[in-house]
Amino acid sequence: MGIPYLSLAVSEEKLGDSAPVLFQDGIVNGMRSAKDLGFTGVEIHIRNPGSLDVDALLEAEKELGIKICAVGTGLEYSLNKLCFTSEDAGVRRKTAERFKEHIDLARKLKASVFMGLCRGTAPDYGSRQTYLERFAEEILPVQKYADEKQVILTLEPIAYYMTNLLNTVDECLEFMARPGFENLELLLDSHHMYLEDKDMYGEAFDKCAGKIGHFHVSDSNRRHPGAGNVDFDRIAVKLKEMGYDRPVSLEVLPQPTGTEASQRCMDWMKRHW
């Protein structure tokens, strides 16, 4: 079993301390901060993949020895208002086009692409199935494009207070069993699992064996390990038992500072990897 990339979230622009991104002063600067703190990877949270200098990012990877593991797409929803389940067909079309741009970027970086908030949310619980079917229909061509480009898409179970679509591990696994999504993998997040999954240290993990493409470290209050109620030592043991060797990535609020929150997480990581 290999050692996973120990990663953290960075962004190109300032998002504020209510966003779970540790370093928000440019991707390359964030990569430098990650290296200084002992991390070996980053996930980049971006709103326009076409605006990035890919050659500069690849050079920074080489210079710093820091891997860009994944491309986060949540800003497309929160800032650009793109959504696969929008009532506006034009918005849905633009969302698919933009995701293909993320996939093209990820192919160059040899990274995965997150499928998170851009699922949107149904206006009420009675219409959830309708919106879930729309989501499946809209992302199937995107999944096929990712397969052609040999890029992994990862689907994240997200807690109820952010969306009412695909909240739990079970719901995501059921969705992934649909034809055409054989290569879709899971992005698990300990914060969302704590809120949504009954047995997050046992059965919820066991069902995901071999299907996890990325793991987010985040405590029950969205802060660094030890700031809330999640038992991260049990999570580390479970990941190692499963033979997990993909990114273990810190996506938490930069509180009290991005540096201090990152160091608290690295202390936990060093005990296990």
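The legends below describe close-up views of a predicted model.

Residues are numbered from 1 along each chain as its sequence is written, and side-chain values use heavy atoms, with hydrogens and water left out. Because the model is predicted, local features need pLDDT of at least 70 and side-chain atom pairs count only at pLDDT 80 or more, while totals for chains, interfaces and linings use all residues.

**View 1. The largest pocket and its lining.** The volume of the largest pocket is about 460 Å³. Among its 25 lining residues, P20, G74, L117, M162 and E251 are the closest to the centre. Helix α3 (residues 74-78) gives the largest share of the lining, three residues. The lining divides into 13 nonpolar, nine polar and three charged residues. A pocket is an open set of points on a 1 Å grid over the protein atoms alone, where a 1.4 Å probe fits and protein lies on both sides within 12 Å along at least five of seven lines; lining residues have an atom within 4 Å of a point. The volume is the space filled by probe spheres set on the points, which are joined across faces, edges and corners. Ala, Val, Leu, Ile, Met, Phe, Trp, Tyr, Cys and Pro count as nonpolar, Asp, Glu, Lys and Arg as charged, and the others, Gly among them, as polar. Helices (H or I, at least four residues) and strands (E, at least two) are DSSP runs numbered from the N terminus.

View 2. H102 is buried, with a relative accessible area of 0%, and R92 is buried at 15%, whereas D104 is partly exposed at 30%. Buried means under 20% relative accessible area, exposed over 50%, and partly exposed in between (1.4 Å probe, protein chains only). Leaving aside neighbours within four places in sequence, H102 touches I46, P49, V71, T73, E76 and V113. From H102 to T73, 29 residues apart in sequence, the C-alpha separation is 8.0 Å. With the same exclusion, R92 is in contact with C83, F84, T85, S86, E87, R134 and E138, and D104 with Y145 and K149. Contact means heavy atoms within 4.5 Å.

View 3. Helix α10 (residues 258-272) has 15 residues and reaches 22 Å from its first C-alpha to its last, close to the expected 21 Å. The expected span is 1.5 Å times one less than the number of residues. G258, A261, S262, C265, M266, W268, M269 and H272 of α10 are buried. These residues are on the same side of α10 because they cover an arc of only 160° around the axis. The arc is that of the directions from the helix axis to the C-beta atoms. The buried residues pack against β1 (6-11), β7 (212-217), α9 (232-241) and β8 (248-250). On the other side of α10, K270 and R271 are exposed.

View 4. The peptide bond from Q255 to P256 is cis, with omega near 0°. P256 is placed in the loop between β8 and α10. Q150, although not a glycine, has a positive phi of about 60°. This residue is in the loop between α5 (128-149) and β5 (153-155) and is exposed, with a relative accessible area of 75%. L166 also is not a glycine and has a positive phi of about 60°. L166 is found in the loop between β5 and α6 (169-176) and is buried, with a relative accessible area of 3%.
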